[in-house]
Amino acid sequence: MWPSEDVHQLSALRPGARGRIVRVKRDLTPRAERLAALGVGPGARITVLQTFPGIVIECDQTELALERAVGSAIWIALE
């Protein structure tokens, strides 16, 4: 899939994980467009702050809460 990179779904990461977004599945078209408008897209660096009950990330100094289904559609290359 992504040679030589440690890539995972955002929903599978633990708090404290840091990485770079490599893919947002287009299945979530309206949500993907909204995420892109917030700067959450390929190349963006994120930090996972919380994973339960929902996923909370920090992206470009902004905290965002995401549904687990959205987190499953975002692929992260860990740093």
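Predicted model: local features only at pLDDT ≥ 70, side-chain atom pairs only at ≥ 80, totals over all residues.
Visitor: What is the strand order of the open sheet?
Guide: The open sheet has six strands in the order 1-6-2-3-4-5, and their pairing is antiparallel.

Visitor: And which are the edge strands?
Guide: Strand 1 and strand 5, the latter covering residues 62-66, are the edge strands, since each pairs on one side only.

Visitor: By how many degrees are neighbouring strands turned against each other?
Guide: On average, neighbouring strands of this sheet are turned by 40 degrees against each other, with direction ignored.

Visitor: Let us take strand 2. How many bridges join it to strand 6?
Guide: Five bridges join strand 2 to strand 6, which comprises residues 74-78, and the two run antiparallel.

Visitor: How many bridges does strand 2 have with strand 3?
Guide: Strand 2 pairs with strand 3, residues 45-50, over three bridges, again in the antiparallel sense.

Visitor: What stands opposite Ile46 in strand 4?
Guide: Cys59 of strand 4 stands opposite Ile46. Strand 4 covers residues 55-59 and is joined to strand 3 by four bridges, the two strands running antiparallel.

Visitor: Is Val22 buried or exposed?
Guide: Val22, which is found in strand 2, has a relative accessible area of 17%; that value is under 20%, so Val22 counts as buried.

Visitor: How far apart are the C-alpha atoms of Val22 and Gly43?
Guide: They are separated by 6.2 Å, although Val22 and Gly43 are 21 residues apart along the chain.

Visitor: Changing topic: where is Ser11 found?
Guide: Ser11 is found in the loop between strand 1, residues 7-9, and strand 2, residues 18-24.

Visitor: Why does Ser11 count as buried?
Guide: Ser11 counts as buried because its relative accessibility is 16%, which is under the 20% limit.

Visitor: Which residues is Ser11 in contact with, beyond its sequence neighbours?
Guide: Leaving aside neighbours within four places in sequence, Ser11 is in contact with Ile55, Arg68, Gly71 and Ser72.

Visitor: What joins the side chains of Ser11 and Ser72?
Guide: A polar contact of 3.1 Å joins the side chains of these two serines, Ser11 and Ser72.

Conventions: Residues numbered from 1 in each chain as written. Heavy atoms only, no water. Buried < 20%, exposed > 50% of the residue type's maximum accessible area, 1.4 Å probe, protein only. Polar contact = N/O pair within 3.5 Å; in protein donor to acceptor, adjacent residues only side chain to side chain. Contact = heavy atoms within 4.5 Å. Pairing = 2+ DSSP bridges. Axes fitted to C-alpha atoms, helices over the stretch in contact; angles between N-to-C directions.
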